[in-house]
Amino acid sequence: MNRNETESLAYLRGELFRTALAEFNGTPYVWGGSSIDGSDCSGSVCAALNAVFGTSIRVTADGLYRFYFTRNAESDSHIQAAFFLDENGKAVHVAGALGGGLYMNESCIEKNGGTPRTLGELKAMYSPFRLVRRWLTEDVWV
């Protein structure tokens, strides 16, 4: 595949990811869940990735941060997520990027289930933690 084909595929996958992730709007928070019937933060991101790639991988927010989303985000064109790191550098929360500056926040602190939030809103909600935005390294989610 040449560079243009690779970029086109990354863009298409990004669109598919954002569409799958948007389905989690209003999904009730269920720790360990990964479906629109109930999900936690990493469950919604994993489910959207699995929909794009036809896989069934399930990991925690920290697993996503350490092994799959390994490139610092430079634009909104790829699959990306916002991670919130504790003082030891462990990802304790993740919100997948929906595009347009919004991220799907699946959290027990959301009153109406999964809710699209801006980075500013997320920073305020998770103020004790350090925000890091990263791209998915696509060839590892298979």
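Predicted model: local features only at pLDDT ≥ 70, side-chain atom pairs only at ≥ 80, totals over all residues.
Trainee: Which side chain does Glu121 meet in a salt bridge?
Mentor: That would be Arg117, with an N to O distance of 3.6 Å. Salt bridges with shared partners link Glu110, Arg117 and Glu121 into one network.

Trainee: Nice. How many salt bridges does the structure hold?
Mentor: There are 5. One of them joins Arg58 and Asp40, at 2.8 Å from N to O.

Trainee: What about Asp62 and Arg66, how do their side chains meet?
Mentor: In a salt bridge too, at 2.9 Å from N to O. They are 4 residues apart in helix 3, which puts about one helical turn between them. Asp62 is buried at 13% relative accessibility, and Arg66 is partly exposed at 41%.

Trainee: Let's switch to helix 2. How many of its residues are buried?
Mentor: 12 of its 13, so the helix is mostly covered because buried means under 20% relative accessible area. Among the buried ones are Cys41, Val45, Leu49 and Phe53.

Trainee: What covers them?
Mentor: The cover includes helix 1 (3-22), strand 1 (34-35), strand 2, helix 3 and strand 5 (91-99).

Trainee: What span should helix 2 have, and how far apart are its end C-alpha atoms?
Mentor: At 1.5 Å a residue, its 13 residues should span 18 Å, and the end C-alpha atoms are 19 Å apart, which agrees.

Trainee: Which residue follows helix 2?
Mentor: Gly54, and its phi is positive, near 65°.

Trainee: OK, on to the nonpolar core. Which residues have the most contacts inside the largest one?
Mentor: Leu49, Leu64, Phe69, Phe83 and Trp141, in a core of 29 residues. The elements giving two or more residues to this core are helix 1, helix 2, helix 3, strand 4 and strand 5. Helix 2 gives the most, with 8 residues.

Trainee: I'm looking at Phe69. What does Phe69 touch?
Mentor: Leaving out residues up to four places away in sequence, Phe69 touches a list that includes Val45, Leu49, Leu64, Phe83, Trp135 and Leu136. There is also a second, separate core of 8 residues, with Ala82, Leu119, Leu122 and Tyr126 among them.

Trainee: How does strand 4 run against strand 8?
Mentor: Antiparallel, with 6 bridges joining strand 4 to strand 8 (residues 130-135). Leu85 has Arg130 as its bridge partner in strand 8.

Trainee: And how many bridges pair strand 4 with strand 5?
Mentor: There are 5, again in the antiparallel sense. Leu85 is opposite Ala91 in strand 5, and Phe83 is opposite Val94. The hairpin of these strands has 5 residues between them, and Gly89 there takes a positive phi near 85°.

Trainee: How many residues of strand 5 are buried?
Mentor: 7 of its 9, so strand 5 is largely enclosed by the rest of the structure.

Trainee: Last one: how does strand 5 pair with strand 6?
Mentor: Over 3 bridges, in the antiparallel sense, with strand 6 at residues 102-105. Ala97 has Tyr103 as its bridge partner in strand 6. That hairpin has 2 residues between the strands, and Gly100 takes a positive phi near 60°.

How values were computed
Residues numbered from 1 in each chain as written. Heavy atoms only, no water. Salt bridge = Lys/Arg side-chain N within 4 Å of Asp/Glu carboxyl O. Buried < 20%, exposed > 50% of the residue type's maximum accessible area, 1.4 Å probe, protein only. Expected span 1.5 Å × (residues − 1). Contact = heavy atoms within 4.5 Å. Pairing = 2+ DSSP bridges. Core = buried A, V, L, I, M, F, W, Y, C linked by side-chain atoms within 4.5 Å.
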